[in-house]
Amino acid sequence: MTIACLEINKKDNIDLLLQPVKDDKLITEVTINELIENSEYSDLYVDNGNIKNAIAELNSVLKPLQANQSGREIRYQVLERRDAKISIEIDKDEMSATGEISTALGGKHLSAKAILHAAQKAGVTKGFSKEELVKLAQYAAKEPPGSIVKGKIALGKDPINGQDGNIKLLVESAQQRILKPKEKEDGSVDMRDLGDIICVRVGDPLAKKIPPTEGIKGFSVTGTPLEPVPGEDVSLNVGEGTTISPKNKDVLVSTRVGLPRVIDNGMEVDEVYKIKNVDVSTGHIQFEGSVIIDGDVCEGMKVIASGDISVAGFVESAYLESGGDITIGGGIIGKKQDVEDQKMTDIIMSVSIKAAGKVFAKYCQYADIACKEMRIENQMMHSIINVEDKLWLGTEDKANGKLIAGFISAGNSVHAGTVGATAGSTTIITFEKRLEEIQEKLSAIEEKLEVESNATNELKEASNKLKKLPKDKVNPEVLNKVMSTYKHHAERMGTLLNEKESVEEEINNYMASVFVEASERIYQSVQLIIGEYHDKTKREYGPSKMRYKERKIIIDPIVNS
């Protein structure tokens with residue numbers, strides 16, 4: 001019987017030793033593989049080629065032998081100790097490097113240090129994680145021989161972009177004072193007691209520019225530095241009554257005694273008119289600057305200011321007009337009237353407020369208000385509102401107020417806790433004004449297109465007629481002029497068509513962006529108008545968002561995550 005065994009050779013690898021004896025039992029590759037699997041060397045790399053060669057040579061030796069006759073010894077190296085191998089892959093963006101290990105076959109495992117050296121040899125120079133290197137080495141050592149193990153070993157670092165410059169206010173505005181009344185000893189606040197008037201003197205610092213930062217550089221795993229985007233600079237806006245400090249070009253100081261008022265990227269200092277109440281005893285107020293009223297604006301009175309108007313108390317059936325913000329610590333109270341069956345253009349509210357900036361009040365009823373942005377803290381009822389940007393009903397950080405009936409024309413969005421009323425009074429919210437402005441742009445482009453189209457058609461017809469004439473009757477200069485003019489108008493048409501497409505896209509984007517959001521409830525008879533599309537709620541909804549989508553008004557539930 002042929003004897004097969006495994007022996008360690010001088011290279012510490014394993015040879016297959018065959019001692020041939022001619023009999024009826026065959027030694028095959030399967031026999032050898034079973035021998036290997038049952039041996040202590042089963043983890044080593046198997047050289048199947050040499051196994052085949054050994055079997056072939058065995059058969060060759062056995063062929064001429066007689067029964068039970070022995071032949072010469074056959075020896076082949078069939079098992080090899082192989083150390084673990086690693087290849088390093090660097091991502092295309094060079095922001096990470098991965099090690100791929102083919103685990104050891106009876107040989108040496110890779111240490112974390114060996115993985116590091118392999119990565120460095122492959123061009124990875126930065127971003128190594130010692131923890132990940134150790135983890136990958138340990139993981140590979142535990143996996144079956146010949147397994148493929150992968151792991152991130154280095155990560156690049158994205159640059160941190162610089163922060164934009166900004167303007168830090170160094171004094172409070174009157175609006176902040178109104179919204180933060182003086183606290184009593186018992187912890188309550190008195191809206192009538194606003195503390196001392198916020199008045200600055202000549203030379204007082206008002207605002208400071210915080211310069212932009214350069215950012216922090218990043219790097220790729222190959223060591224390429226990644227430059228950050230520097231922050232954008234901002235300029236101090238020197239308003240009336242202010243100047244740049246001669247001692248520090250980044251500081252804005254006052255040039256007059258007066259009331260500081262916030263403007264974009266800066267401040268103004270208004271002349272200040274302060275009064276307790278506005279009533280028949282004081283008469284109407286018209287002032288070039290800001291007006292502070294510690295009490296109320298009573299029925300029938302007017303307050304007109306080029307700056308801000310700050311009212312600690314209430315505005316009752318009065319007229320307010322401001323070149324800045326209007327801040328009302330109490331409420332806006334107009335006279336009750338039936339507005340359901342009247343045209344909006346026929347309704348005249350007893351309260352009329354116009355502000356170039358923002359309007360704030362605790363509550364509002366039966367008022368006509370036009371402003372850039374508006375926040376009513378508690379409730380707004382039966383009012384006509386024209387707000388260029390956003391209408392917000394609720395606290396500063398949560399839209400939990402009530403919007404009950406009335407007509408709202410908004411520019412971007414309307415936010416409230418509840419919209420509409422259980423009584424079913426109609427609440428109309430429209431986003432038509434901004435759309436009308438964009439539509440006017442579109443109409444102007446279409447008019448120009450018609451003019452250019454007519455001119456192009458006439459010139460084309462003229463050029464065709466000229467081309468049909470005999471060559472000796474065609475004036476080349478006239479033909480060239482006609483063709484040149486035709487080309488000019490055709491190019492102009494192309495430009496206008498692109499402008500038309502852009503404005504049409506602007507209309508679609510705007511219509512898709514506006515919405516009404518109720519964080520608690522929308523009642524029936526709330527009508528939303530977006531361009532030619534409109535719909536009125538016929539039932540009650542929970543937290544919902546009304547918006548335009550695919551040529552109709554839809555109501556989506558708001559799911560709190």
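Glu132 is partly exposed, with a relative accessible area of 28%. Keep in mind that this is a predicted model. Glu132 pairs with Lys135 in a salt bridge, and their closest N and O atoms are 3.4 Å apart. Lys135 is partly exposed too, at 44% relative accessibility. Both sit in helix H4, residues 130–142. They are three residues apart there, which means about one helical turn separates them.

How many salt bridges does a search of the whole structure find? The search finds 27.

Next pair. Glu271 forms a salt bridge with Arg256, with the closest N and O atoms 3.8 Å apart. Glu271 lies in the loop between strands S18 and S19, and Arg256 in the loop between S16 and S17, so the bridge ties together parts that are 15 residues apart in sequence. Glu271 is partly exposed at 39%. Arg256 is partly exposed at 24%.

Now Asp270 and Arg261. Is Asp270 buried or exposed? Asp270 is buried, at 6% relative accessibility. Arg261 is buried as well, at 9%. Their salt bridge has its closest N and O atoms 2.8 Å apart.

Salt bridges also link Glu7, Asp15, Glu73 and Arg75 in a network.

On to the cysteines. A disulfide is a covalent bond between the sulfur atoms of two cysteines. The whole structure has zero disulfides. Cys364 is buried, at 1%. Cys371 is buried, at 3%.

Notes. Residues numbered from 1 in each chain as written. Predicted model: local features only at pLDDT ≥ 70, side-chain atom pairs only at ≥ 80, totals over all residues. Heavy atoms only, no water. Disulfide = S-S within 2.5 Å. Buried < 20%, exposed > 50% of the residue type's maximum accessible area, 1.4 Å probe, protein only. Salt bridge = Lys/Arg side-chain N within 4 Å of Asp/Glu carboxyl O. Helix = DSSP H or I, 4+ residues; strand = E, 2+ residues; numbered from the N terminus.
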